[in-house]
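Student: Could we go through some of the terms used for structures like this one, setting each value against its definition?

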Amino acid sequence: MRNERMYQEFLELVQTDSASGKEDAVAAKLTRKLEELGFTVTMDDAGPKFGGVCGNLIAIREGELPGALMLSSHMDRVPNGFGIQPVERDGVLYSDGTTVLAADDISGVCAILEGLRRVIASGKPLPRLEVLFTIQEELCLGGAKVMDPSPLKAHIGYIFDSPGGAGRFINGAPGRYILKAEIFGKPAHAGNEPEKGIDAAKTMADIISTLRQGRLDEITTSNFPHLESGTGAANINVVCDHALIEGEARSRDLQRLLDYVAYFRTHCQKVADEHGARIEITTEENFLPFYTPEDDPALVTAKKACEKLGLPFQTAVLGGAFDGNIHNARGMDCIGVATGYSKNHTTSEQLVLEDFFQSGELCVALIETFAESLKSK
């Protein structure tokens, strides 16, 4: 059944320009909407830490039942998300083809708002409800990563930020390390005495050509798209004395990820030593992996909520990450909820309206099912 309130709110919010670091216009509207529902809303200081103008929104509504539940999505969108003009065709929303649609993640925002309105209007006893709308999720989960989690009391959370149809829940995602190797050779005249130089570009090429990368196993990958060498075309008569390799490794298994990070260090150092080059290697933990088994309370609640609505319950693991990685690492039992979008981050992004509307109903069912579990304790 078509939900005109969700539809119009989606149009309103996707046509409110937003970007990582510039979420303030959307945040202002969400603050007003949440306050109208009786939430106490605060904005943290996460934005300035990234040079942005807006922080995370944290909204709290105390409940009549013991316990707390967290609902979250993000306010930013990938680049090319200004001036969005949604177009509906055969029950599916698209952009006009010149921008993204920003269903990632405005569809999640709207699903949460719809769920909150309906459960509050029902007058039923509710737990403490905690709403987190984050910034800069598209920039390596920046807002969630730097936020102070102390205002949140919930041990279970649902992140409405996943592709796929209603009833699909994300219960696993990989961790990620940023890997960098900076190579220092020795300059020399390339025509008169090249043998006196140490070629950093050749060292880089030998490292990257022999490095294990791409699909490493069924749950582990690496990628090194950033390569630099030399000081410009004007110096092609000088043996290259500087080069850079930068990329990432991901795995859903932390030990495999750490093993690859150690291998990267060893491999780069070995090749550099063979060439007589100096190398500086840096590895930075970006976020940690998580996996939630199906007998976990968050998924048990999700399955019961789907049964109430007659939705097929499905779990899936991602190759990318989302704010749930951060919350799980901090000890919150947190899974992703699909809201009907696909082909996100592209101008072909689309939103299946039936699934979108059902995601609002699913938010209601998740809150009510969680509340029922509290009453039975």
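Tutor: Let us begin with a definition: a salt bridge is a side-chain nitrogen of Lys or Arg within 4 Å of a carboxyl oxygen of Asp or Glu. Please keep in mind that this is a predicted model.

Student: What makes the meeting of E4 and R2 a salt bridge?

Tutor: The side chains of E4 and R2 meet with N and O 3.2 Å apart, and because the definition asks for a distance within 4 Å, the pair is called a salt bridge.

Student: Why is E4 called partly exposed?

Tutor: E4 has a relative accessible area of 39%, and since partly exposed covers what lies between under 20% for buried and over 50% for exposed, that word applies. R2, at 41%, is partly exposed as well.

Student: How do you know that R32 and E36 are separated by about one helical turn?

Tutor: They are four residues apart in helix α2, residues 24-36, and therefore about one helical turn lies between them. R32, with a relative accessible area of 40%, is partly exposed, whereas E36, at 58%, is exposed, because exposed means over 50%.

Student: What makes E130 and R128 a salt bridge, and are they buried or exposed?

Tutor: Their closest N and O atoms are 2.6 Å apart, which meets the cut-off of within 4 Å. Both E130 and R128 are buried.

Student: How many salt bridges does the structure hold?

Tutor: There are 21 salt bridges, and a network of them links E9, E12, K29, K33 and R117.

Conventions: Residues are numbered from 1 along each chain as its sequence is written. This is a predicted model: local features need pLDDT of at least 70, side-chain atom pairs count only at pLDDT 80 or more; totals for chains, interfaces and linings use all residues. Side-chain values use heavy atoms; hydrogens and water are left out. Buried means under 20% relative accessible area, exposed over 50%, partly exposed in between (1.4 Å probe, protein chains only). Helices (H or I, at least four residues) and strands (E, at least two) are DSSP runs, numbered from the N terminus.
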